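Subject: Structure handover

Hello,

Here is the structure for you to look over. My notes follow below it.

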Amino acid sequence: MTRPGGPGGAMGAPGQKARSFGPSVKRLLRLLLSYRGFVVIVLTATIASVILTAIAPRILGHATDLIFDGVIGRTLPGGLSKDEAVAGLREQGQNTFADMVSSMDVTPGVGIDFGDVGRVLMIVLALYIGSALLSWVGAYLLNIVVVGTIRRLRADVEEKVHRLPLRYYDTIPRGDLLSRVTNDLDNLSQSLQQTISQFLNSVLTVIALLAMMIWISPLLAVIAIVTVPLAFGATAIIARQSKPHFMAQWSSTGKLNAQVEEAFTGHELVKVFGRQREVEDEFDVRNEKLYQSSWRAQFISGIIMPTIMFLGNLNYVAVAVVGGLRVASGALSLGEVQAFIQYSRQFTQPLTQIGSMFNLMQSGVASAERIFDILDADEEIPDPTTPESPSDDHGLIEFDDVSFRYVSDKPLIENLSLVAEPGHMVAIVGPTGAGKTTLVNLIMRFYDVDSGTIRVDGVDSRRMTRDDLRERTGMVLQDSWLFGGTIYENIAYGDPTASRKEVMEAAELSHVDHFVRALPNGYDTVLDDEGGGVSAGERQLITIARAFLAKPTILILDEATSSVDTRTELLIQQAMANLRTDRTSFVIAHRLSTVRDADVIVVMEDGHIVEQGNHDQLLAAQGAYCRLYNSQFVGPVEEEVEAG
């Protein structure tokens with residue numbers, strides 16, 4: 001049964017759904033606050049560092065005043081008091097110069113006091129060193145917070161993935177899911193590491209510098225502050241325009257990864273049918289969409305920084321002109337204006353940084369939203385709080401009036417009833433789409449029935465925990481799955497507590513032993529995750545050995561022998577006969593030679609059981625099974641006779 005929306009199917013819109021910027025940022029902040037103690041220290045260290053950095057220019061301005069006072073003092077006649085020197089300047093008609101001197105701390109005839117200047121410079125140096133040390137401490141601890149948060153988020157995603165129902169994986173391309181749990185997490189990590197420290201420092205710096213500028217000159221502070229709403233307004237407008245493009249960028253990345261993963265997985269099939277050009281064309285289309293969304297996102301968000309720099313330069317010119325006039329009038333000292341200009345330049349710098357960081361922040365939040373889509377997805381129905389477990393362990397399976405649909409408006413299995421006795425081999429046959437694989441998926445509780453009941457040894461499977469149910473079940477799928485490791489490790493995966501002797505016995509029963517011993521390294525032969533080094537049939541035999549080792553009460557083989565030759569298929573059937581004692585076996589097969597010896601053969605069409613019985617009974621009934629059988633065995637023979 002092909003379920004809707006598989007790896008190549010339509011995506012269920014998680015990557016395309018964009019939420020507002022604010023809620024996602026708040027959610028990220030709540031995650032960061034799980035390291036509350038470190039966050040408090042980071043804030044304290046950063047605030048202290050910013051305060052020291054903000055005070056330093058004001059003190060450095062005092063050094064400038066000392067130097068300027070000394071230069072002006074040397075130009076005045078010695079032996080006079082400052083008041084006498086000012087009066088003399090006024091008598092000479094130099095009123096503007098007199099106003100400036102009157103506001104200065106000068107001694108006529110005395111030059112620069114380099115001792116005082118040196119002491120002031122040492123204080124400034126100490127402030128900058130202290131600020132740097134505190135900034136380093138804050139950055140170090142913040143890195144611990146960010147890396148720890150990403151580690152926790154990655155663990156949450158990993159745990160969530162295991163709690164998601166199989167239905168979720170049917171609605172999202174595998175490549176897009178991989179992109180979310182790898183690329184998006186990495187992008188979020190980089191965005192947080194690069195933006196949080198700078199953003200926190202920049203915001204605090206703006207506040208501290210604003211306070212210092214108001215302290216020095218409220219008039220100049222007003223001139224400087226005028227650019228702030230303009231800068232934030234421009235940033236908000238540009239960020240609002242770039243947000244959809246960042247969402248499109250990461251959505252396109254996920255879709256491109258899905259297409260690449262699908263093409264690489266089926267590259268042999270692509271070459272067999274000569275569809276390389278179509279695959280390349282599809283890649284080019286998706287790659288072009290990613291390019292368009294990426295450059296638009298980067299270009300639009302990249303406008304923020306030059307815009308704020310332009311406003312900062314306008315602010316610098318205005319402050320310099322007005323400040324010069326204030327010095328000339330004696331309202332401010334040269335050192336105060338120098339400090340204010342330095343504050344003004346520093347003031348626009350964090351604003352510029354905040355603007356440029358919106359680029360990374362938008363990208364990071366877009367990735368965070370895609371990750372949150374996974375974390376917010378509906379999980380499997382939880383196991384019952386007071387679970388039940390069968391007292392007997394025989395493998396009696398009962399389907400009682402079971403109905404199920406993948407899609408609510410498309411019936412699949414309706415009012416199905418079936419009893420599989422312990423120790424019986426139940427074969428399920430029928431055309432593609434009849435619901436054969438769905439039936440065993442319901443047994444495993446990969447999906448829950450819409451109505452009716454499935455009982456395992458008299459207990460409703462929904463009253464059991466999934467772990468309890470699946471521990472009793474061994475399953476071998478049509479697509480063999482092996483992980484990177486030795487053949488021995490792949491077989492032992494079925495029961496990690498099994499001894500080497502038990503692993504060997506399972507290998508012998510499944511006829512793995514004979515070809516493994518022919519390999520140079522035997523059971524220590526290392527396989528990659530694609531099972532390289534052994535044939536497709538041998539890979540399938542290894543997965544069957546793994547299921548045998550688990551010693552399940554219920555054994556399910558979904559087209560498990562489709563990749564083995566006829567002789568090996570007969571050997572597997574003999575091995576299964578040994579294992580069926582007090583165990584229930586479900587075999588899904590299109591090749592009816594696999595199910596001739598089944599105790600019960602269930603024929604399904606359109607989700608309904610149309611026939612059931614053993615091989616001879618169903619042939620005698622001349623019904624659906626007989627037609628399937630004749631299409632595989634009788635038809636070709638008759639055609640050959642007619643052709644002869």
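First, a definition: helices (H or I, at least four residues) and strands (E, at least two) are DSSP runs, numbered from the N terminus. This is a predicted model, where local features need pLDDT of at least 70, side-chain atom pairs count only at pLDDT 80 or more, and totals for chains, interfaces and linings use all residues. Residues are numbered from 1 along each chain as its sequence is written, and side-chain values use heavy atoms, with hydrogens and water left out.

A salt bridge is a side-chain nitrogen of Lys or Arg within 4 Å of a carboxyl oxygen of Asp or Glu. Buried means under 20% relative accessible area, exposed means over 50%, and partly exposed is in between (1.4 Å probe, protein chains only).

Backbone

Start with R445. This residue sits in the loop between α14 (436–443) and β4 (451–456). Its phi is positive, about 60°, although R445 is not a glycine. R445 is buried, at 4% relative accessible area.

D401 also has a positive phi, near 55°, and is a residue other than glycine. It belongs to strand β1 (residues 397–404). With 36% relative accessibility, D401 is partly exposed.

Salt bridges

The structure has 23 of them. One pairs R119 with D116, at 2.1 Å from N to O. Both are in helix α5 (residues 114–163), three residues apart, so about one helical turn separates them. D116 is partly exposed, with a relative accessible area of 25%.

Another joins D281 and R277, at 3.6 Å from N to O. These two are four residues apart in helix α11 (residues 276–302), so they too are separated by about one helical turn. D281 is partly exposed, at 35%.

R462 bridges to D460, with the closest N and O atoms 3.5 Å apart. R462 is partly exposed, at 30% relative accessibility. D460 is buried, at 18%. Elsewhere, salt bridges that share partners link D176, R180, D184, R370 and D373 into one network.

S179

Which residues does S179 contact, leaving aside its neighbours within four places in sequence? They are D184, T253, G254, N257 and R370. Contact here means heavy atoms within 4.5 Å. S179 lies in helix α7 (residues 174–216). It counts as buried, at 1% relative accessibility.

Best wishes
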